[in-house]
Amino acid sequence: MTGSGGPGAPGAPGASGEGPGRPDHPAGEVGPLTDADHDRWEALFRDYIAFYGRELPQAAYDRAWREFRSDTVLHALGARVDGELVGITHFLVHANTSGPDVCYLQDLFTSPEARGRGVGRALVEAVAEWARARGCGRVYWQTAEDNAVARRLYDSLVPFSGFVVYRLPL
């Protein structure tokens with residue numbers, strides 16, 4: 001469920017008095033992944049890849065995990081409810097020719113049983129907080145046009161930018 005809408009950063013976490021990491025927040029805790037999260041992270045990431053009708057070789061999962069653990073180019077956060085990892089997000093920062101660096105939220109996925117509990121919103125807000133702390137000018141993302149569930153969340157965070165994504169396979 002990679003985000004939609006294109007450029008734009010969501011509102012500040014905690015604006016409603018709730019925020020990720022608060023024990024009473026329905027989304028539970030959001031924070032960095034640990035070595036102990038590997039198996040559950042991979043299961044969630046596999047479900048995300050399958051959701052979009054794709055398959056990846058094991059080497060791709062292994063590479064992604066190594067990159068997330070080094071936390072230099074690719075970054076990841078996880079959402080936990082009652083101690084269980086129920087959502088993941090992957091993101092990166094890149095240069096911008098017309099302003100501060102920008103953060104691309106590449107992947108976002110929550111387990112089906114966690115949907116509707118604020119987990120996706122908490123993950124987006126945590127990425128925005130992370131990017132803001134590093135001086136990024138915005139967070140942006142994309143999703144499939146027919147991903148109505150994700151789009152309801154994303155449309156509640158930011159207005160549609162009007163941009164269309166084109167991909168040139170190499």
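## Loop residues with positive phi

D71 is located in the loop that connects α2 (58–70) to β3 (74–81). In this predicted model, D71 adopts a positive phi of about 55° although it is not a glycine. With a relative accessible area of 41%, D71 is partly exposed.

A second residue of this kind is D82, which is not a glycine either and has a positive phi of about 50°. D82 is placed in the loop between β3 and β4 (84–94). Its relative accessible area is 79%, and D82 is therefore exposed, the threshold for that class being over 50%.

## Packing of α1 and α2

Helix α1 (residues 38–51) packs with α2 at an angle of about 125°, and the two axes are 11 Å apart. The crossing of α1 past α2 is right-handed.

On the α1 side, the contact involves H38, W41, E42, F45, R46 and I49; on the α2 side, Q58, Y61, A64, W65 and F68 take part. Sorted by class, this contact comprises 7 nonpolar, 2 polar and 2 charged residues.

## Aromatic pairs

A pair of aromatic rings is described by the distance of the centres and the angle of the planes. With ring centres required to lie within 6.5 Å, the count comes to 11 aromatic pairs. For W41 and W65, the centres are 5.0 Å apart and the planes stand at 45°, so this pair is tilted. Since W41 belongs to helix α1 and W65 to helix α2, the pair ties together parts that are 24 residues apart in sequence. W41 is buried at 0% relative accessibility, and W65 is likewise buried, with a relative accessible area of 10%.

Y104 and Y140 form another tilted pair, at 4.9 Å centre to centre and with 35° between the planes. Y104 lies in strand β5 (residues 102–110) and Y140 in strand β6 (residues 139–141), so the parts tied together by this pair are 36 residues apart in sequence. Y104 is buried, its relative accessible area being 14%. Y140, at 21% relative accessibility, counts as partly exposed, because buried requires a value under 20%.

## Aromatic cluster

One aromatic cluster is formed by W41, F45, Y48, F51, Y52, Y61, W65, F68 and F109.

Methods:
Residues are numbered from 1 along each chain as its sequence is written. This is a predicted model: local features need pLDDT of at least 70, side-chain atom pairs count only at pLDDT 80 or more; totals for chains, interfaces and linings use all residues. Side-chain values use heavy atoms; hydrogens and water are left out. Helices (H or I, at least four residues) and strands (E, at least two) are DSSP runs, numbered from the N terminus. Buried means under 20% relative accessible area, exposed over 50%, partly exposed in between (1.4 Å probe, protein chains only). Axes are lines fitted to C-alpha atoms, for helices over the stretch in contact, and angles run from 0 to 180 degrees between N-to-C directions. A crossing is left-handed if the near helix is turned anticlockwise from the far one by less than a right angle, and right-handed if clockwise. Contact means heavy atoms within 4.5 Å. Ala, Val, Leu, Ile, Met, Phe, Trp, Tyr, Cys and Pro count as nonpolar, Asp, Glu, Lys and Arg as charged, and the others, Gly among them, as polar. Rings of Phe, Tyr and Trp (its six-membered ring) pair if their centres lie within 6.5 Å; planes under 30 degrees apart count as stacked, over 60 as edge-to-face and the rest as tilted.
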